[in-house]
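Reader: I have a model to look through. Please take me through its rings, core and sheet.

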Amino acid sequence: MTGVAVLGATGSVGLSTLSVIRRHPARFRVVAMSGHRSVGKLERLAAEFGTRELAVAESSALKDRPDLKAAGWRTGPEGVVELAALPGVDVVVNAVVGAAGLPPTLAALEADKRCALANKESLVAAGDLVLEAARRGGGELVPVDSEHSAILQCIGAARRDEINRVILTASGGPFRETDAEALGEATASMALRHPTWEMGAKITIDSATLANKALEVIEAHFLYGLPYDRIEVVVHPTSIVHSFVEFVDGSVLSQMGAPTMELPVLHALTWPRRPPDPVLQGFDPIELSPLVFEPVDEKRFPLFRLGVNAGRAGGAAPAVFNAANEVAVEAFLTGGVTFFGMAEVVAAVLEALEGRTACDLQEVLQVDRTARRCAAAEVKRIGAWQSWPQ
């Protein structure tokens with residue numbers, strides 16, 4: 001039986017993971033779980049799955065629960081990291097949101113675990129460090145993002161020198177057909193109405209701005225060792241084709257399926273095997289057609305261009321982009337900046353911190369903190385916030 005740690009268990013990907021595990025009780029055992037601050041929800045899940053190793057990332061979350069502290073619940077980011085390296089854990093599903101997911105990724109890989117990675121920010125902020133941790137500790141990196149899971153499935157036994165390029169698909173989000181003038185008036189509630197995926201607030205906003213697709217381009221660069229000029233993106237509104245891989249002989253393979261995170265989660269948990277799952281079967285090509293593809297409009301979605309350019313720049317630029325974007329998204333969600341104001345914030349921070357490098361975890365975390373402070377200052381300059389929660 002495979003021992004699983006689900007980090008970010010109370011979020012959308014974490015709950016999808018637990019849904020898969022419910023259907024395969026003889027195959028998986030939930031050894032550990034973490035949440036951000038939803039103590040009651042995590043407590044109920046722990047009771048259901050018989051999980052004893054638990055952590056909440058928000059250090060103050062247990063201040064009124066001495067019983068849980070006495071029961072050994074961990075708190076703070078360091079508690080989540082401890083779960084990632086526990087004996088008895090074979091697979092760590094890292095569904096932590098944002099740059100906070102980097103330390104658990106490194107801990108899992110250094111402890112010789114499979115890291116089923118839904119936290120793309122780990123590779124964006126510190127791709128070289130993540131790959132080195134896997135080499136040093138013997139851990140295995142398997143993507144959970146549907147696009148990168150699709151690429152992995154398409155590549156199969158092919159060698160990297162047989163791959164000509166990969167093409168990631170983007171739904172286009174809720175504003176795919178919205179003109180630039182109307183986008184300037186877009187609200188957070190409008191941006192949260194994603195047409196095909198059920199996700200948390202942060203990734204849903206990133207999908208609306210296409211920043212998420214830029215993060216995935218950077219992720220693909222590290223996962224598959226491809227230069228940026230061989231990683232492309234097309235808009236595919238129905239989210240049925242999750243990625244394409246074109247090989248050097250001209251053959252093109254794609255992976256298709258309904259837009260659910262449960263399929264890539266199951267694949268990451270069991271790769272390279274494919275256990276039967278009746279809930280995920282029943283693909284109907286007629287019902288899901290037609291398949292439409294469009295180019296990305298970088299003028300209406302400037303965060304996509306900013307993110308890809310940050311990846312090309314290398315050094316600390318991807319970490320800066322990620323941190324500034326996280327602050328900008330929070331500002332947008334709370335009414336601090338406009339839709340296009342998010343890109344203004346990120347562009348200003350990238351310019352201010354241009355040329356920075358980050359060679360180890362402490363330097364990455366320092367760059368992350370600096371970028372967040374710069375972004376908060378920029379939000380105050382152009383937006384409506386009076387103070388940024390430190």
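**Rings, core and sheet**

Author: The structure holds 4 aromatic pairs; rings of Phe, Tyr and Trp (its six-membered ring) pair if their centres lie within 6.5 Å, with planes under 30 degrees apart stacked, over 60 edge-to-face and the rest tilted. This is a predicted model: local features need pLDDT of at least 70, side-chain atom pairs need 80 or more, and totals for chains, interfaces and linings use all residues. Residues are numbered from 1 along each chain as its sequence is written, and side-chain values use heavy atoms, without hydrogens and water.

Reader: Which geometry do F339 and F340 form as an aromatic pair?

Author: The ring centres of F339 and F340 lie 5.6 Å apart. Their planes make an angle of 80°. Planes over 60 degrees apart count as edge-to-face, so the pair F339 and F340 is edge-to-face.

Reader: Is F339 buried or exposed?

Author: Buried means under 20% relative accessible area, exposed over 50%, partly exposed in between (1.4 Å probe, protein chains only). F340, at 22%, is partly exposed. F339 has 3%, so F339 is buried.

Reader: In what order do the 4 strands of the open sheet run?

Author: Strands pair if DSSP finds at least two bridges between them. The edge strands, each pairing on one side only, are β9 and β11. The order is β9-β8-β10-β11.

Definitions and conventions: Helices (H or I, at least four residues) and strands (E, at least two) are DSSP runs, numbered from the N terminus.
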